[in-house]
Amino acid sequence: MRTIDKLIDPNIKLAAVLVKRAPTLTLDFDARRKSRLAATLDNGEEVALVLPRGTVLRDGDVLVAQDGALVRVVAAAEAVLMVTARDGLTLTRAAYHLGNRHTPVEVGADYLKLEYDPVLADMLKRIGAMVEQVTLPFQPESGAYGGGHKHGHDETFAEDYALAQQVYGEHHGHDHGGGHDHAHDHGRGHDHGHEGHSHSHDHGHDHGHAHDHGTAHGHDHSDCDASCDHAHDASKHAHR
């Protein structure tokens, strides 16, 4: 039994005649996302796939056996749901809800395609999408962060998620060293004895409870003279 252990980078252009002559290996999506697989080529030869963990094969990919022979991957037709809609908003909502469920989805200009699932079919119909069960090849979107042959549902999901977090941190980092102190010094925030600040907090709210600003915030007003312009008339802060 021959072992197939290499995937040629799809960006590398091979001679068309070599690819055309290569024996084919037809697999459905579930088989194409397995890195270890005993399979049978379309010519009847049994082979063993031993590929790098996380590899997800796509239609047209070219594999290399240990003896140097080429094998071309063909996406098998399988039971899928074809999702369409009368308007773009409904189709976008369908994609959103499927994404929330981490469902592998093939995205077309005016359709979504996913593996057959009666529960998801019912959900999609409830939001106004049109759903039809058909038999077609299925090629879902590749992972956004993991390159062309990784998918969020395979073994590399944790890697993709970690990388997504890194990307998020680079763009929305919480290192606010430039002036935002998130330590929230509440002692300063409630210090009504700020020099030069005149806080006129006449909220006019009916809180149903009285705030004694002489003690509630721990302020010692005994040392204040005329320069301490708090404008905090205790009668105003007795929010009754």
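Begin by selecting Asp117, which caps the N-terminal end of helix 4, with a side-chain oxygen lying 2.9 Å from the backbone nitrogen of Val119; a polar contact is here a pair of N or O atoms within 3.5 Å, where, within protein, one must be able to donate a hydrogen and the other to accept it, and residues adjacent in sequence count only if both atoms are side-chain atoms. What you are looking at is a predicted model, in which local features need pLDDT of at least 70 and side-chain atom pairs count only at pLDDT 80 or more, while totals for chains, interfaces and linings use all residues. Residues are numbered from 1 along each chain as its sequence is written, and side-chain values use heavy atoms, with hydrogens and water left out.

**Helix 4**

Now select residues 118–126, which form helix 4; helices (H or I, at least four residues) and strands (E, at least two) are DSSP runs, numbered from the N terminus. Which residues of helix 4 are buried? They are Leu120, Ala121, Met123 and Leu124, where buried means under 20% relative accessible area, exposed over 50%, and partly exposed in between (1.4 Å probe, protein chains only). These residues cover an arc of only 165° around the axis, and therefore sit on the same side of helix 4; the arc is that of the directions from the helix axis to the C-beta atoms. An α-helix has 3.6 residues a turn, so residues three or four places apart point the same way. On the other side of helix 4 you will find Val119 and Arg126, which are exposed. If you then display what covers the buried residues of helix 4, you will find strand 7, helix 3, strand 9 and strand 10 included. Just after helix 4, select Gly128, which takes a positive phi of about 100°.

Next, show the open sheet of four strands, whose order is 8-9-7-10 and whose pairing is antiparallel; two strands pair if DSSP finds at least two bridges between them. Strand 8 (105–107) and strand 10 stand at the edges with a single partner strand each, so one side of each is left without a neighbour in the sheet. Neighbouring strands of this sheet are turned by 30° against each other on average, direction ignored; axes are lines fitted to C-alpha atoms, for helices over the stretch in contact, and angles run from 0 to 180 degrees between N-to-C directions.

Select strand 7 (residues 77–84) together with strand 10 (residues 130–137), and you have an antiparallel pair with eight bridges, in which Val80 has Val134 of strand 10 as its bridge partner. Strand 7 is also joined to strand 9 (residues 112–115) by four bridges, again running antiparallel, and here Met82 has Lys113 as its partner. Between strand 8 and strand 9 there are three bridges, and Val107 stands opposite Leu112.

**The loop between helix 3 and strand 8**

Move to His102 in this loop, where phi is near 55°, a positive value in a residue other than glycine. Most residues other than glycine have a negative phi. Leaving aside its neighbours within four places in sequence, Thr103 is in contact (heavy atoms within 4.5 Å) with Leu98, Leu114 and Leu120.

Finally, show the open sheet of six strands, with the order 2-6-5-1-4-3 and mixed pairing. Strand 2 (24–27) and strand 3 are at its edges, each with a single partner strand, so one side of each lacks a neighbour in the sheet. Strand 1 (residues 2–7) pairs with strand 4 in the parallel sense over three bridges, and Arg2 stands opposite Val47. Strand 3 (residues 36–40) has a covered face, made of Leu37 and Ala39, and an uncovered one, made of Arg36, Ala38 and Thr40. Five bridges join strand 3 to strand 4 (residues 46–50) in the antiparallel sense, with Ala38 opposite Ala48. In the hairpin of these two strands, which has five residues between them, end your tour at Gly44, with its positive phi near 95°.
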